[in-house]
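Subject: Structure handover

Hi,

Here is the structure I promised to pass on.

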Amino acid sequence: MLTIHCPVCGVEGDETDFHCGGQAHIARPATTDPHTITDEQQRDYLFMRFNPRGLHFERWRCDRGCGKWFHAARDTNSLDFKAYYGITELPPAELMKQATGQWAEFFNAKTAGKTIKPAPKKAATSKTAKKVAGKTSKAGAKKS
Amino acid sequence: MWRSPDPKAEYDVVIVGAGGHGLATAYYLAKTHGITNMAVIEKGWLGGGNTGRNTTIIRSNYLQDPSMAIYELSRSLYETLSQELNYNLMFSPRGVLMLCQTEHEFRAFKRTAHANRLAGLDCRMVDAAEVKRIVPIINDSADARYPILGAYYQPRGGTGRHDALAWGYARAIDDMGVDVIQQCEVTGMLRKGGAIAGVETSRGTIRAKKVAVVTSGHTTNLMDMAGVRMPMESVCLQALVSEPIKPVIDCVVMANTVHGYMSQSDKGELVIGGGTDAYNNYSQRGSFPAIEHTITALVETFPIISRLRMLRQWGGIVDVTGDRSPIIGLTDVKGLYVNCGWGTGGWKAIPGSGTVFADTIANNRPHPIAEPFGLSRFREGRFIDESVAAAVAH
């Protein structure tokens, strides 16, 4: 039985109080120009999944609590939860360093393109980052 | 029954994984295609993964044409396999009943029934009264939460002895000179340009012209070593058996709406299975809620079992694909073949899967029955969608 902590409302419950939403940090390849998307990209988005034996990053939902989605880092061997973090955030930096295989490649690519060092609280997924950039002139100015 | 040889430096074919599918593949490669300079290597012990952990149900009444073809090939091979291997697999075509407990399920199975009859499968719908006649212990109360409306019946389906299948195949391939090497873990894949050159193992380097990965829940990790990504996730599927009792049920009953299935072993234990756990898991230890869910369903379906004690419970790590159908075929790496993604329903498919996969490896092109199950289907959007047809239970 997994014991899970919701980082949004703070409740602790067992796995029947939560719902696992599968692999985290999957970005939809295109919303604006679908014709530019290859079959491979669409396949990766829909079906290809990281399936590590060890540290994994997932989406979970606080089903019987606040109902919010959040992220969790979990070991698929020991079933231990390593961290909980917000649905728009990247994992804590030390866990990104511990990640192996496809997750390591993913986080390296994710953090390499950014000039700002990814601090767990400020970092966001690319989707949110775009939104922020578009909405607030401050963020936009920083980036350009 | 078989030797425990040291690995040779090189083989024509190395099969990774000595479960049912791997051993069957080796058997048909040796028997049908004359390839005997071959090793089946296994991290643990042969048949110790999902081959020894399933609920031994054999049926072929799937909805989609490609599924029917491979599962029916497999089911029909089971009928004569004991004689062929000279090893008693205890194949018992005792009949498989798939209950209809909602109008939706009733209509879905009727559709499957029509599809199966068109394909020549011996299956039929039965009404609630006949269900009660076949399974007297079933709860046929109209007040049940999910009353029995009827069932989809495959009389030629049934069960077999899972360990015996692994042992029978292992003995047969050992007789033909194939090396079965246990306690030998693959730690890396050798590449030579775009082609496979062998495997690195805990017992040294083994070179091979062809490598076939047949490792169920661990396939994604092995394929990672060769740089091939797979559209699968590994989850735990549990099963359990009760204390042995006198015979009470002489067929297999699957209750898909409530997520549970049950049969009785020759020892008298009720063999029970249900749905998978809801998250990725490599631990071979399932969660209690999944067990509770299955038992709740079956106690309602078979009130007689409510006071039975459960004897053993275990989990196996299964590899689940997006369309709940297997992946069989070639990969982008020359000489590297894969047979995986059987998810929760691999046991029944072993002889058929071995037959078509061996043919695929020997001829370096997909066997016609294996062809629809190629990796490319996920790119092409050409799914063999059994997730809608079979719900949870395979």
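How many residues does the contact take from chain B and from chain A? It takes 25 residues from chain B and 26 residues from chain A, where contact means heavy atoms within 4.5 Å.

Before the rest, some housekeeping. This is a predicted model, in which local features need pLDDT of at least 70 and side-chain atom pairs count only at pLDDT 80 or more, while totals for chains, interfaces and linings use all residues. Residues are numbered from 1 along each chain as its sequence is written, chains are lettered from A and ligands numbered from 1 in the order in which they are written, and side-chain values use heavy atoms, with hydrogens and water left out.

**The interface**

About 2,200 Å² is buried between chain B and chain A, and carbon and sulfur atoms give 54% of that area. Buried area here is the accessible area (1.4 Å probe) that two parts lose on being put together, summed over both. On the chain B side, R229(B), Y279(B) and R379(B) supply 31% of the area that chain B buries against chain A, more than any other three residues.

The count between the two chains is one salt bridge, meaning a side-chain nitrogen of Lys or Arg within 4 Å of a carboxyl oxygen of Asp or Glu. It joins the side chains of E40(A) and R379(B), at 3.6 Å from N to O.

Over all chains, the search finds 23 salt bridges. One of particular note for the chain B fold is D6(B) with R203(B), at 2.8 Å from N to O. The two residues are 197 residues apart: D6(B) lies in the segment before β1 (10-16) of chain B, and R203(B) in the loop between β10 (195-201) and β11 (204-213) of chain B.

**The sheets**

Helices (H or I, at least four residues) and strands (E, at least two) are DSSP runs, numbered from the N terminus; two strands pair if DSSP finds at least two bridges between them.

In chain A, four strands form an open, antiparallel sheet in the order β3-β4-β5-β6. Its edge strands are β3 (19-23) and β6 (81-85). Strands β4 (residues 55-61) and β5 (residues 69-75) of chain A pair over seven bridges, and R61(A) stands opposite W69(A).

Chain B has an open sheet of eight strands with mixed pairing, ordered β5-β6-β4-β13-β14-β15-β12-β16. At its edges stand β5 (124-127) and β16 (310-321), each with a single partner strand, so one side of each is left without a neighbour in the sheet. Within this sheet, β4 (residues 96-100) and β6 (residues 150-154) of chain B pair in the antiparallel sense over five bridges, with Y152(B) as the bridge partner of M98(B).

Axes are lines fitted to C-alpha atoms, for helices over the stretch in contact, and angles run from 0 to 180 degrees between N-to-C directions.

Helices α2 (residues 65-85) and α8 (residues 350-363) of chain B pack at about 110°, with their axes 6 Å apart. That makes α2(B) roughly perpendicular to α8(B), a label for angles of 65 to 115 degrees (under 35 is roughly parallel, over 145 roughly antiparallel, the rest oblique). Among the residues that meet are I70(B) and L73(B) in α2(B) and I350(B) and P351(B) in α8(B).

Happy to talk any of this through!
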